[in-house]
Amino acid sequence: MRIDVISIFPAYLAPLDLSLPGKARDKGLLDIAVHDLRDWTHDRHHTVDDTPYGGGAGMVMKPEPWGEALDAVAPVVAGGRSAATLVVPTPSGLPFSQQVAADLATRDHLVFACGRYEGIDQRVLDHAASRMEVREISLGDYVLNGGEVAALVVIEAVARLLPGFMGNAESLVEESHQDGLLEYPVYTKPAAWRGLEVPDVLLSGDHGRIAAWRREQALRRTAERRPDLRHPAELLDDVEIRPAE
Ligand code: SAM
């Protein structure tokens, strides 16, 4: 997969060189480039923002540098379209989820447009939508200062779903949200720690009982903490719900 990130703070994206994304780059699984939007400005001050039409507080990102940046990193090919998917982090976008990450993981080329100030001139998105897929994505119902943190989150969630990215692909299968449930609690050695014991069933070696216990725990957690994730009747069918303590 090819990923391009456009930002006025490219240094913010430095974590992409670390840990698994860095290793995936080294292995050639991921090809990531970070671009400074100001490289596509032509004035002495490298201006990327201006006052909003209609008045109001704050500044808006100008369309010209964004237009040139997208022409360069997501060029139009056959049929007048670009093969890239443009991901625009914004609090006005659709909520990000594991399902959205899995969908984005099927694309060959993602381009992230990291907004700042009051956001990007709407015409940039409208114009891009006429030539490529555009996904406006929100991390949640709160406001960040810029799209860089959101881009890091989306890239990490997408990259770990790429075939060959994770050492142990099985660990992906049982994770929270993969099957619409939160993950069961996990334990490691020692079996007793500060007076707290690992549940007996996990020491039993009985794989059937362990799987049943984990499923029950996942259902119970989901019912107690995130009943919105599954239909309540479905959860109630599977497990007798204790009231939250
Ligand atoms: N004026 C905008 C609004 O009210 O929707 C908020 C702009 S915010 C200060 C600047 C940038 O941060 C946005 O353009 C977007 O890229 C990013 N951002 C802020 N909150 C976000 C969120 N919840 N999800 C994704 N991106 C976010």
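User: In this predicted model, which residue of β6 is the bridge partner of I3?

Analyst: Strand β1 covers residues 2-7 and strand β6 covers residues 109-113; the two run parallel and are joined by 5 bridges. For I3, the bridge partner in β6 is L110.

User: Which strands are the edge strands of the open sheet?

Analyst: The sheet has 5 strands with parallel pairing, in the order β2-β1-β6-β5-β7. An edge strand pairs on one side only, and that applies to β2 (31-36) and β7 (133-138).

User: What angle does the direction of helix α2 make with that of β1?

Analyst: Helix α2, residues 63-73, packs on the sheet and touches β1, β2 and β6. Its direction and that of β1 make an angle of about 165 degrees.

User: Why is α1 oblique to α5?

Analyst: Helix α1 (residues 19-27) packs with helix α5 (residues 148-159), their axes 10 Å apart. The angle between them is about 60 degrees. Angles of 65 to 115 degrees count as roughly perpendicular and those under 35 as roughly parallel, so α1 against α5 is oblique.

User: How many nonpolar, polar and charged residues does the contact of α1 with α5 have?

Analyst: On α1 the contact is made by L20, P21 and A24, and on α5 by I155, E156 and A159. By class this contact has 5 nonpolar, no polar and 1 charged residues.

User: Which strand gives the largest share of the shell around the ligand?

Analyst: Around the ligand there are 19 residues, of which P89, G115, L144, G147 and A150 come nearest. The shell divides into 8 nonpolar, 9 polar and 2 charged residues. Its largest share, 4 residues, comes from strand β5.

How values were computed: Residues are numbered from 1 along each chain as its sequence is written. This is a predicted model: local features need pLDDT of at least 70, side-chain atom pairs count only at pLDDT 80 or more; totals for chains, interfaces and linings use all residues. Two strands pair if DSSP finds at least two bridges between them. Two residues are in contact if their C-beta atoms, placed from the backbone, lie within 7 Å. Axes are lines fitted to C-alpha atoms, for helices over the stretch in contact, and angles run from 0 to 180 degrees between N-to-C directions. A residue is near a molecule or strand if its C-beta atom, placed from the backbone, lies within 6 Å of it. Ala, Val, Leu, Ile, Met, Phe, Trp, Tyr, Cys and Pro count as nonpolar, Asp, Glu, Lys and Arg as charged, and the others, Gly among them, as polar. Angles under 35 degrees count as roughly parallel, over 145 as roughly antiparallel, 65 to 115 as roughly perpendicular and the rest as oblique.
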